[in-house]
Amino acid sequence: MRTALPAPDPGIPDHRSPGRYLWWLARLQAGPLLRGIGWGVTWMACMALGPAAMGRAIDEGVRGKDAGALLLWSGVLLGLGVLQAVSTARRHRLATLVRLAAAYRTVQAVTRQATRLGATLSRRSGAGEVVSVGIYDISHIGDVMDGVIRGTGAVAAIVAVLVLLAAASPPSALVTLAGIPVVLAAGALLLRPHHRHSERLRELVGDLNTRATDIVAGLRVLRGIGGEDLFAERYRAQSQRVRRAGTRLARSEALLAGAEALLPGLLVAAVVWLGARTAPAGSITPGELVTCYGYVIFLTLPMATLGEVADKITRGRVAAARVARFLALEPELPDCGTLTPPPPLPGTPADPGSGFVARAGRLTALAAADPADARAIADRLGRYTDSEATYNGVPLREVAGLRERIIVAVNEDVLLSGRLADVLACGRPGASVREAVHAAAAEDIVMAVGLDARVGEAGREFSGGQRQRLLLARALAADPEVLVLVEPTSAVDAHTEARIAERLRRARAGRTTVVCTTSPLILDRADHVVFVADGRVVAEGPHRVLLAAEPRYAAAVARGSALEASDGPVRIGEQEGEGR
């Protein structure tokens, strides 16, 4: 059977409650879902009609000694078996399609939302929460779609069997009709604690994944400061909480599974006992007795299916609730500007809060007595913090395409996995990767591994200084209108830093560049230097002039030089690069 591929990703759903989110997934694949339901009903109906055909074959063929009737009803049984086989295959294929499509669309929606949140993501949700969606939630959400197909068939089969059973043996039908609500109600009582345990386990798994990602990201730093044992013990304690929650969930699952087998079995025993009591009196024929027995035995399948579907829907709602809460997050500072800054370019970013104004088309160095002040200004220039900062006189909140126009590069940025050339180009066609590598003085890295080398997770195979230069190359390859670099050379030696400072001016010629640093090598080669103290611009001019005229500037630069001389720039950079 040829099955159409899922439609393109329609984006993030507007309805973010668990039920509406699942309904959104169902509507997107209504065609395959409805066809699957149809084949599911056919599959169950074939099994439900089997006992009736068998009873007629016994009564009309065997008991009535009619060979033609026996062949007829045997043929009906064969046809039902063939149709059941075909419907089983079609139902399973369509159920697999909608299950995988729902899981894949969930990944699409979560990935799109993570991209939309941007810098808000790390402040509003842990990395483990996003990871848990991919390894835990998507399978349960997909199972809901499969459960809808199987559950609908089970309900249709139960209704059909009750009607057929009433025609064959009204007392047996009444007992069955009274027993089914009792069985379902008993199962529902067990579902409530099962739902609670499932929700608690999902929450703990998300917390554990967040802790694991934090430990992996800072493993080298933990080794450097001797914190391995402490964090290992904390992870072990959290893991034990997850284990205990999983044990409680498994216990509730065991009770639910036992009830699914025991309660329908008791109903079967009651109906068979009733049939055995009425058959000798001639109330029902042997064929009808076999039919009733077959019906009741068959009912264990749809009733067990309903219990399994209820379990899947419970898990799916828990997973959908977590996904819905994540999709409901809103960016703290959405990039929703509609105004394009007026020419001329290159642009001029400005921060009225500190008095900082970058020179258009020039390399401006921003030195601060407190490095936190420089970082705060960089965040405001990139609109990672709401402020009155402007670009060409237009408030940043009104600038269209701000993230493409202004890029803020910090040492906490991560190298993504993939081919090195693609990682540096970052999906931008025509990016000048080799020129950017040269400007970042990273040729030795490329020569050692090649642009076709595969970058591992977060670029962990590179040292701190190497990662810093590759991050700088990636920022330069993006070639934005305004590039803001925060301490881009803190992890390299003085000779490499001097080459970067000289090449950076040439690579960014004619475009606006801001470098937050107290390195004398960068400051001496900058076109203009701005000094910030107590969050405000207090002096600006050439580096050498500021050294002679502003004691606080000289102290800040001298402090940075002393730090590099005493600790060694490579070792300090390694700690910074590996700790972030």
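Is Arg 375 buried, exposed or partly exposed? At 28% relative accessibility, Arg 375 is partly exposed, where buried is under 20% relative accessible area, exposed is over 50%, and partly exposed is in between, with a 1.4 Å probe and protein chains only.

Quick housekeeping. This is a predicted model, where local features need pLDDT of at least 70, side-chain atom pairs count only at pLDDT 80 or more, and totals for chains, interfaces and linings use all residues. Residues are numbered from 1 along each chain as its sequence is written, and side-chain values use heavy atoms, with hydrogens and water left out.

OK, back to Arg 375. It forms a salt bridge with Glu 412, and the closest N and O atoms are 3.3 Å apart. A salt bridge here is a side-chain nitrogen of Lys or Arg within 4 Å of a carboxyl oxygen of Asp or Glu. Glu 412 is partly exposed too, at 30% relative accessible area.

There are 18 salt bridges in the structure. Take Lys 312 and Asp 146, with their closest N and O atoms 3.0 Å apart. Lys 312 sits in helix 9 and Asp 146 in helix 5, so this pair ties together parts that are 166 residues apart in sequence. Helices are DSSP runs of H or I, at least four residues, numbered from the N terminus. Both Lys 312 and Asp 146 are buried.

Then there's Arg 544, which meets Asp 524 in a salt bridge at 3.0 Å, N to O. Arg 544 is exposed, with a relative accessible area of 61%, while Asp 524 is partly exposed at 31%.

One last item: Arg 362, Arg 505 and Asp 527 are linked in a network of salt bridges.

Terms used: Helix = DSSP H or I, 4+ residues; strand = E, 2+ residues; numbered from the N terminus.
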